[in-house]
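Thanks for coming, everyone. Please bring the model up on your screens, and let's walk through it together.

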Amino acid sequence: MTDWISAAAALAPETRLFIGGEFCAAADEATFDTISPRDGHVFARVSSAGDADVDRAVRGAAAAFDSGVWSRADRRTRQAVLFRLADLMLENLDELALLEAVDSGHPIGDARAVDVPTAARTVRWYAEALDKVYDEIAPTPENALALIRREPLGVIGAVVPWNYPLIITAWKIAPSLAAGNSVVLKPAELTSLSALKLAELASEAGLPAGVLQVVPGVGRVAGQALGRHPLVDKIAFTGSPAVGKGFLTYAGESNGKQVSLELGGKSAQVVLADVADLDACASAIAWGIFYNAGQTCHGGSRLIVDALVHDELVEKVIAVGRSLVLGDPLDESTQVGSIASEVQLDRVLAYTAIARAEGAVVHGGERVRPDGLGDGFYVEPTVFDGVDNAGRIGQEEIFGPALSVTTVHGAAEGIRVANESAYGLAASVWTQDLTTAHRAARDLRAGTVWVNTFDVADVITPFGGVKQSGSGRDRSLHAFDSYTALKTTWISLDSASTTKE
């Protein structure tokens with residue numbers, strides 16, 4: 001078994017910006033601290049991109065796009081580079097996983113088994129799709145031919161969050177690059193290290209200089225500079241509603257660039273009285289909110305349960321939560337790691353006090369200090385029972401291992417309460433009745449609805465939400481299309497209009 005603690009101590013990660021195919025310090029040599037949430041200690045100092053750095057990265061990406069070195073390269077050339085990148089990600093699996101674990105607090109076992117392989121599969125899937133996406137011919141009159149082609153947009157500004165850094169980065173850059181765009185990637189300041197390693201691997205795979213730039217930095221500086229830059233053609237953002245709305249403002253005040261947003265959720269698991277297997281249901285509900293310490297955009301943070309099965313189900317969910325191994329992300333036996341930052345830890349703990357003030361019964365919700373990691377950011381799995389869905393606990397995204405429980409009577413009330421949310425990212429319904437399942441899937445206002453399961457997903461299906469969960473989709477060919485522009489070429493076949501007499 002690998003000694004991951006020693007391996008982490010031996011890491012010497014790249015911490016500089018990646019612009020023009022080279023690593024470089026910020027123009028003003030500014031840096032920020034990366035604090036590992038496993039122990040609360042500074043792990044690295046990362047270059048902090050300023051306005052000048054972002055401008056240089058964007059202009060370099062635009063120049064690379066205009067040169068055609070990637071945007072007009074043969075599809076099989078782009079395909080070969082992306083295949084090689086996917087291979088290199090798996091060849092460097094342990095290092096990428098270790099960077100994710102140290103940087104984000106995600107358990108090393110999950111980072112190795114899920115995060116890195118999923119990101120590599122995403123890159124490979126879009127590479128595979130490259131020569132299988134056809135353009136169109138419109139049904140024109142007989143005297144004309146109209147070709148409809150997908151062309152790359154130009155420069156994509158990809159701004160990714162800290163909860164699944166590598167996976168969500170792959171969701172953004174893989175379809176963007178496959179379509180022929182240049183990308184300026186701004187990772188979250190909490191978790192920049194895997195993005196910089198990915199840039200190194202992309203260069204090794206043969207991606208031309210300037211096609212992928214990585215600009216770590218503080219959001220209000222680097223993120224805003226990217227959002228306002230007139231040469232950026234699209235922003236693809238995952239993060240908070242407040243910042244997402246900011247990118248819409250930046251777009252409107254600059255060049256009207258496209259903006260796609262995934263802004264989190266308050267996803268409901270609706271459990272009806274005829275649920276077939278309470279044990280399986282309880283396990284899915286617990287894992288659906290406690291996995292990654294609850295730091296999942298579509299985490300099933302609301303349990304809306306029929307009164308007839310409430311007591312038994314809640315008891316089982318609490319038991320599953322207590323059985324999970326919470327501890328050091330670098331321990332392979334750990335199932336629930338740390339919260340990503342001290343700020344987020346304080347936010348999660350504050351909601352425990354709010355829950356009590358709103359009259360909920362609180363199970364768990366305390367800070368945990370594992371041996372030797374007393375300064376780390378850990379919270380035990382938490383269940384808030386008896387929650388008023390209209391209160392703060394029912395409505396606000398906590399983004400931690402905290403489940404709210406609201407009791408209802410019947411399917412109609414369950415669906416209504418589930419929809420009484422500003423968010424609409426995901427939901428599930430648990431029932432044996434096929435008609436009820438279909439109706440619930442139709443009536444739940446969410447981008448994804450699961451039936452008798454939760455959080456089963458793949459790159460083959462689109463991911464995104466409605467309402468304040470955002471607009472646009474990651475994953476699937478729908479995401480690929482969103483990084484392209486449709487061009488119509490109308491050709492007259494009328495000899496009178498094309499031939500001089």
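Let's start inside: 5 of the 5 residues of strand E7 are buried, so E7 is largely enclosed by the rest of the structure. Buried here means under 20% relative accessible area, with exposed over 50% and partly exposed in between, using a 1.4 Å probe and protein chains only. Strands, marked E, are DSSP runs of at least two residues, and helices, H or I, are runs of at least four, numbered from the N terminus.

Before I go on, a word on what we're looking at: this is a predicted model, where local features need pLDDT of at least 70, side-chain atom pairs count only at pLDDT 80 or more, and totals for chains, interfaces and linings use all residues. Residues are numbered from 1 along each chain as its sequence is written, and side-chain values use heavy atoms, leaving out hydrogens and water.

Back to E7. Which way do its residues point? Val155, Gly157 and Val159 face one way, Ile156 and Ala158 the other, and all are buried. E7 pairs with strand E8 (residues 182–186) in the parallel sense over 5 bridges; two strands count as paired if DSSP finds at least two bridges between them. In E8, Ser182 is the bridge partner of Val155.

Now look at helix H9, residues 241–253. At 1.5 Å a residue, its 13 residues should span 18 Å, and its end C-alpha atoms are 18 Å apart, which agrees. That expected span is 1.5 Å times one less than the number of residues. Which residues of H9 are buried? They are Pro241, Gly244, Gly246, Phe247, Tyr250 and Ala251. An α-helix has 3.6 residues a turn, so residues three or four places apart point the same way. The buried residues of H9 pack against several elements, including E7, helix H8 (219–228) and strand E10 (234–238). Contact, by the way, means heavy atoms within 4.5 Å.

Another open sheet has 3 strands, E5-E6-E24, with antiparallel pairing. In it, E5 and E6 pair over 2 bridges, and Leu147 in E6 is the bridge partner of Ile137.

Is Thr296 buried or exposed? At 8% relative accessibility, Thr296 counts as buried. Beyond its neighbours within four places in sequence, Thr296 is in contact with Asn163, Tyr164, Tyr291 and Phe399.

Finally, zoom out. The chain has 17 helices and 24 strands, and 57% of its 501 residues count as buried. Its C-alpha atoms fill a box of roughly 85 × 60 × 45 Å along the principal axes.
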